[in-house]
Amino acid sequence: MPFQKPGDYGTNKDGSRNQEYCRHCFQGGRFLDDCLTVQEKIEKNVTIAVKMGMPEETARHMSATLLPKLKRWKKG
């Protein structure tokens with residue numbers, strides 16, 4: 001999710017703005033869907049993006065390219 005305004009950012013445990021994750025993923029210092037695998041998160045994001053009008057191929061490419069690079073999903 002592009003961060004376009006302050007309300008787009010997630011929040012840390014102390015309520016401060018988190019610079020890495022959006023409000024749909026991270027609130028109060030925790031991931032909202034921490035039970036999902038990266039592949040499940042990609043599918044969830046694609047579904048949401050398509051509902052918002054993004055072509056599925058574009059949404060899939062963006063999600064599959066960006067999500068695995070986030071610190072949350074990096075291995076090791």
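The legends below describe close-up views of a predicted model.

Residues are numbered from 1 along each chain as its sequence is written. Local features need pLDDT of at least 70 and side-chain atom pairs count only at pLDDT 80 or more, while totals for chains, interfaces and linings use all residues; side-chain values use heavy atoms, with hydrogens and water left out.

**View 1. Helix 1 spans residues 38-51.** Helices (H or I, at least four residues) and strands (E, at least two) are DSSP runs, numbered from the N terminus. Helix 1 has 14 residues and reaches 20 Å from its first C-alpha to its last, close to the 20 Å expected at 1.5 Å a residue; the expected span is 1.5 Å times one less than the number of residues. Just after the helix, Gly 53 takes a positive phi of about 105°.

**View 2. Buried residues of helix 1 pack against helix 2 (56-66).** Lys 41, Ile 42, Val 46 and Ala 49 are the buried residues shown in helix 1. Buried means under 20% relative accessible area, exposed over 50%, and partly exposed in between (1.4 Å probe, protein chains only). Seen down the axis of helix 1, the buried residues fall within an arc of 140°, so they line one face of the helix. The arc is that of the directions from the helix axis to the C-beta atoms. The packing against helix 2 is judged by contact, meaning heavy atoms within 4.5 Å.

**View 3. Glu 43 and Glu 56 each form a salt bridge with Arg 60.** A salt bridge is a side-chain nitrogen of Lys or Arg within 4 Å of a carboxyl oxygen of Asp or Glu. Between Glu 43 and Arg 60 the closest N and O atoms are 2.7 Å apart. This pair links distant parts of the chain, with Glu 43 in helix 1 and Arg 60 in helix 2, 17 residues apart. The bridge from Arg 60 to Glu 56 has an N to O distance of 3.0 Å. Arg 60 and Glu 56 both lie in helix 2, four residues apart, about one turn of the helix. Relative accessibility is 33% for Glu 43, 29% for Arg 60 and 45% for Glu 56; Glu 43 counts as partly exposed, as do Arg 60 and Glu 56.

**View 4. Asp 33 forms a salt bridge with Arg 72.** The closest N and O atoms of this pair are 3.3 Å apart. Asp 33 lies in the loop between strand 4 (30-31) and helix 1, and Arg 72 in the segment after helix 2, so the pair ties together parts that are 39 residues apart in sequence. Asp 33 counts as buried, at 6% relative accessibility. A network of salt bridges links Asp 33, Lys 41, Lys 44 and Arg 72. The whole structure holds seven salt bridges.

**View 5. Cys 25 and Cys 35 are in no disulfide.** A disulfide is a pair of cysteine sulfur atoms within 2.5 Å, and a search of the whole structure finds zero. For Cys 25 the nearest cysteine sulfur is that of Cys 22, 3.7 Å away. For Cys 35 the nearest is that of Cys 25, 12 Å away. Cys 25 is buried, with a relative accessible area of 14%, whereas Cys 35 is exposed at 68%.

**View 6. Strand 1 (residues 9-11) and strand 2 (residues 17-22) pair in the antiparallel sense.** The pairing runs over three bridges; two strands pair if DSSP finds at least two bridges between them. Gly 10 stands opposite Asn 18 in strand 2. The hairpin has five residues between the strands, and Gly 15 takes a positive phi near 90°.
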